[in-house]
Amino acid sequence: MKDWRYWLAEQRGTLLAFGIFIVMFAIYSGNHPAGFTANVVQTAANKGVLLAFVAMAQTLVVITAGIDLSVGMIFTLTNCMASWLVIGTGLETAFGLVAVLGTGLVCGAINGAIVIYGRLQPIVATIATGAVYFGLALLLRPVPGGSVNEDLADFLTGRFFGVVPASLVALFVVVLVVWVPFSRSELGRAAYAAGSSETAAYMSGVPIRRGKFLAYTLAGLLAAIGGLFLTFFTYTGEAAYASGNAYTLFSIAAVVLGGVSLFGGKGSAIGAIFGALAFRTIGDLLFVFDFDPLWQPLFQGIILLIAVSLGAFALFRVRNRLEWFL
Amino acid sequence: MSETTLGGIASRMPKFIRRADPAVATAFACIVILLLVGSLYSRSFLSPEYLLQQLKVASFLGVIATGMMLVVLLGQIDLSVPWAVATGAMMACAAAAYGPVGVALAIPFGMLCGVAIGVVNGIGVAYLRIPSMIITLATNAVAQGLMVVYTGGFSPQDSATAAMRYLATGFTIPGVPNAVIIWALIGAAIVFVLTRTSFGRAVYGIGNRERAAYLSGIDTRRVVLIAFAVSGGLSAFGGVLLAGYASKAAQSMGDAYLLPSIAAVVLGGTSILGGRGSYLGTVAGVILITLLQSILSVMQMPEAGRQIIYGVVIVAMLLLYGRAPASR
């Protein structure tokens, strides 16, 4: 196969997600009362970036053929933490940032340790750790409140040069700093290999355990970055169970829309980011068409249902019925 | 009951109990420990009234966990429990608002809605081959969306029917709450189905290796579909009972049942990978979880502490005996 065709086949999911996002965003901004202005883009970017971070976190774990049902809770926990710590003088704020991101890393590492070294099923283990993280969040913020360094918050949620949303730039930087090195490293490839076929990867001497552990740990970090940005947007911390759960759920939807295989070993965080942005835009379409916001959960649920059912088209390519069963 | 007497009793028990996992014995041992710890905090912890009350509370979780166990035995999972529970409760209460016919049909209608959710799950898992974890999350979201639209985002105003309240809080046999009897009946039925029918054998077979079960001539897709439908129906029935207990349905009333139902099944020694597990273990898991919750509330632990202890205990117990075999 020629190089570019191989590349196309590999990136098909990502490109599809990009296409869906472009079409949806065109419909969205075309029908928005304010039209395609810097303000509309900034608001949309700020909302979409939150989910994009959580979706990136989910991608890292899904690539290893696992799942992290605690990402939403890490997101909530770090939001509550940031509302205490990321405040005050420059030095105090910097310390707060490190503490919040460190907490995310530790949460992810705990998930990874339990799943990989404790040999528990990711679903059950991360539901249980999610309960712990939510409990901690509730301990930090029994009632919503707190505040954040507003200069930093305004800087990171505003616009550069009056047009470029700062949150999008931040997302881009995180991709460059976290995702690109990870996916090109030996351990990143080990994570892919472990998701593709753990036995084969093991037989080939790939460091699957370290690769998977790194994936879970970085997932915690990315969820924490998401939590940090939530604090920047809202200026408060809130231990909301429903919102944490919703982010977990939407992250899975975004990952699926972004062409990441839930069976592991296939897809990229870039795809998941476009999946997240597309999912958010679709959800917001209701507003520009003046529907009752009451319908939004149902609408998002149906999109989710359709998105996950799309994978079923692969069944038409099955030649032998035994391939139904993995 | 200690482990030694359990062993003594076990030799006189039917075969399916004697073959029980060591995990089941561990779960029962943990129950004994919890009872002892609880009795340190409160004298009345070991009184028959209190224990019966615990059993009554456990029976709601027991009904829901029964459906979950059936699905877990297949090697799948049902994450649509929260809104299947809420949908069952809300729809049963809603039906009650439509005159005497509605009142009479409230319970079956609530369960039917749960079965519908389960059928969607089942079609997705069995026929479209979507991972159960994903499709059940999606149907959960759709069920939530439907209920939000129906109730307008508020707690529904309809209240439970007399029959629902009777099932959840009444006494047919003096001293034994109806809810416990219902759980016992459902438990007996599921034990019969799992151990004495070809459907039950097929469930274990599919859980071990679906491909092999398919090649043995089992219509595996139908079995999976039925199992998910039953799970949805039982979740909704649990919701109906809960609505009867609280006299009405509420938003997010089912959220508190997802983790406990999975935990009860897994702590009871049922393999999350499917194909292995006994109902006795699930009973032990349900009682264990209920006692744990009860002790935490007796200790007046705030919600935050409860969530933390809860998650830690579940991880700890799973690390004790729920680990996957070492690879290779």
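Guide: What follows starts with the confidence scores and then works through the packing.

Some housekeeping: residues are numbered from 1 along each chain as its sequence is written, while chains are lettered from A and ligands numbered from 1 in the order in which they are written. This is a predicted model, where local features need pLDDT of at least 70, side-chain atom pairs count only at pLDDT 80 or more, and totals for chains, interfaces and linings use all residues. pLDDT is the predictor's confidence in each residue, from 0 to 100. Chain B averages 87, with 91% of its residues scoring at least 70. Residues 1–7 of chain B are a stretch to treat with care: pLDDT is below 50 there, and beyond near neighbours in sequence the stretch has eight contacts in the model. For the model, ipTM is 0.83 and pTM is 0.87.

Helices here are DSSP runs (H or I, at least four residues; strands would be E, at least two), numbered from the N terminus. Start with α9(B), residues 178–196, which packs against α10(B) at an angle of about 75°, the axes lying 5 Å apart. Axes are lines fitted to C-alpha atoms, for helices over the stretch in contact, and angles run from 0 to 180 degrees between N-to-C directions. Under 35 degrees counts as roughly parallel, over 145 as roughly antiparallel, 65 to 115 as roughly perpendicular and the rest as oblique, so α9(B) and α10(B) are roughly perpendicular to each other. On the α9(B) side, V193(B), L194(B), T195(B) and R196(B) meet F199(B), G200(B) and V203(B) of α10(B). Two residues are in contact, by the way, if their C-beta atoms, placed from the backbone, lie within 7 Å. By class, the residues of that contact are four nonpolar, two polar and one charged. Nonpolar means Ala, Val, Leu, Ile, Met, Phe, Trp, Tyr, Cys and Pro; charged means Asp, Glu, Lys and Arg; the others, Gly among them, are polar.

Next, α10(B) (residues 198–208) and α12(B) (residues 220–246) pack at about 100°, with 10 Å between their axes. These two are therefore roughly perpendicular as well. F199(B), A202(B), V203(B) and I206(B) from α10(B) come up against T220(B), V223(B), V224(B) and A227(B) from α12(B). Seven of the residues in this contact are nonpolar, one is polar and none is charged.

Follow α12(B) along and you reach A243(B), which lies in that helix. A residue is buried if 20 or more other C-beta atoms lie within 10 Å of its own, exposed if 12 or fewer, and partly exposed in between, with C-beta atoms placed from the backbone; A243(B), with 33 such neighbours, counts as buried. Its contacts, leaving aside residues within four places in sequence, are A89(B), A92(B), C93(B), A160(B), M164(B), K248(B) and A249(B). A243(B) also sits with its C-alpha 8.4 Å from that of A168(B), though 75 residues separate them along the chain. S247(B) is in the loop between α12 and α13 of chain B. There, S247(B) has a positive phi of about 70° despite not being a glycine, and its 13 C-beta neighbours inside 10 Å make it partly exposed.

Along with M56(A) and I273(A), they have the most contacts inside the largest nonpolar core, which has 218 residues. Such a core is a set of buried Ala, Val, Leu, Ile, Met, Phe, Trp, Tyr and Cys residues joined through C-beta atoms within 7 Å.

As for where the chains meet, 47 residues of chain B are in contact with 43 of chain A. The largest share of chain B's side, 13 residues, comes from α7(B). By class, that side has 28 nonpolar, 12 polar and seven charged residues.
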